[in-house]
Amino acid sequence: MAKKPLAEDSTSSFPARARGRGVHIAPSILSANFADMRSSLVAMRQAGCRWTHIDVMDGHFVPNLTFGPGFVEAIRAVGKDFYFDVHLMITNPRDFVKPFAAAGAQCITFHQEAAGDDSTNLLRYIRRQGLQAGISIRPRTPVSALTPHLTHADLVLVMTVEPGYGGQKLIPGTLNKVRELALLREEHALSFLIQVDGGIGPETAQLAVAAGSDVLVAGSAVFRGGKVKENVKAIRKTISEMR
Ligand code: DX5
Ligand code: ZN
């Protein structure tokens, strides 16, 4: 029997280029060379990556500061062929949707912990700007905090480390939430993508994909030693060995 969607809003609107087939590796430019972003994007392109993951931190929601819309606009100019995936780790996400949309973001993901009861409205607001809308949870937040909002999400980001810094170790228990979300998605015939972020490298990529992840964010494992092509290849190899 065909499963019915939970609500009218469940159709994902990812452009084919971003959705593609199989698992995507989304390099987190947090680990790129800030003094030479153009070359970092060239290296990502040569490695066959279609996504670029941009970690926006405000020094409040997380104890670190990173990029604003001006930076995104600048790298957009040299990375028009990428799918710009902006991860807002900020306390007032609604205020920055329009500025980041104008700067060239294509998907904007905010944290459920920051938006609370406004999460559904915020997902709809992001979609109304013509963007894909994502919602994320920190390692300690349960999937139940997301369920009222899932029908309005194009992407669900499960943080596999405490947000704030690159180079941390994946917290294995977080992958149970990926499994839970994959089941919910199937049960309710939803179509959001599941993204994981933090501590993803060749070994953990296998675990994340086995749990049901569609998009793997990786920073240090992609940019390590400046060997982006080799590093991405190593991650892809471990994933393909699973099949
Ligand atoms: C953490 C960021 C991640 C980070 C991942 O707050 O959201 O995107 O860059 O870095 P790695 O892959 O080094 O764990
Ligand atoms: Zn991120």
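Let me start with the zinc ion (ligand 2): along the sequence, its donor residues follow the spacing H-x1-D-x31-H-x109-D. Of these, H53 belongs to strand β2 and D197 to strand β7, so this pair ties together parts that are 144 residues apart in sequence. Strands here, like helices, are DSSP runs numbered from the N terminus: E with at least two residues for strands, H or I with at least four for helices.

Before going on, the ground rules. This is a predicted model, in which local features need pLDDT of at least 70 and side-chain atom pairs count only at pLDDT 80 or more, while totals for chains, interfaces and linings use all residues. Residues are numbered from 1 along each chain as its sequence is written, chains are lettered from A and ligands numbered from 1 in the order in which they are written, and side-chain values use heavy atoms, with hydrogens and water left out.

Back to the metal. Which atoms coordinate the zinc ion (ligand 2)? They are NE2 of H53, OD of D55, ND1 of H87 and OD of D197, at 2.0 to 2.3 Å. A donor is an N, O or S atom within 2.8 Å of the metal (3.2 Å for Na, K and Ca), and since water is not among the atoms, sites may look incomplete. The angles among the six donor atoms of the zinc ion (ligand 2) run from 62 to 161 degrees, and the site is irregular.

Eight strands make up an open sheet with parallel pairing, in the order β1-β8-β7-β6-β5-β4-β3-β2. The edges are β1 (24-27) and β2 (51-57), each of which pairs on one side only. On average, neighbouring strands of this sheet are turned by 25 degrees against each other, direction ignored; the axes behind that angle are lines fitted to C-alpha atoms, for helices over the stretch in contact, and angles run from 0 to 180 degrees between N-to-C directions. Pairing requires that DSSP finds at least two bridges between two strands.

Take β7, the strand that carries D197. Five of its five residues are buried: L193, Q195 and D197 on one side, I194 and V196 on the other. Strand β6 (residues 155-159) pairs with β7 in the parallel sense over five bridges, and the bridge partner of L157 in β7 is Q195. Strand β7 (residues 193-197) also pairs with strand β8 (residues 215-218), again parallel, over three bridges. There, Q195 stands opposite V215 and V196 opposite L216.

In β8, V215 and V217 point one way, L216 and A218 the other, and all are buried. Four bridges join β8 to β1, running parallel, with I25 opposite L216.

Last, the rings. How many aromatic pairs does the structure hold? Four. The centres of the F67 and F71 rings are 4.3 Å apart and their planes at 10 degrees, so this pair is stacked. The cut-offs: rings of Phe, Tyr and Trp (its six-membered ring) pair if their centres lie within 6.5 Å, with planes under 30 degrees apart stacked, over 60 edge-to-face and the rest tilted. F67 is buried at 8% relative accessibility, whereas F71 is partly exposed at 24%.

F96 and F100 make a tilted pair, 6.4 Å centre to centre with 50 degrees between the planes. Both lie in helix α4 (residues 94-103), four residues apart, about one turn of the helix. F96 is partly exposed at 30%; F100 is buried at 1%.

Two arginines also sit on rings. The charged end of R76 is over the ring of F84, 4.5 Å from its centre, and that of R94 is over the ring of Y125, at 4.7 Å. The test is NZ of Lys or CZ of Arg within 6 Å of the ring centre and within 35 degrees of the ring normal.

Note on methods: Buried means under 20% relative accessible area, exposed over 50%, partly exposed in between (1.4 Å probe, protein chains only). Four donors count as tetrahedral if all angles lie between 85 and 135 degrees; four count as square planar and six as octahedral if opposite donors are over 155 degrees apart and all others between 65 and 115; anything else is irregular.
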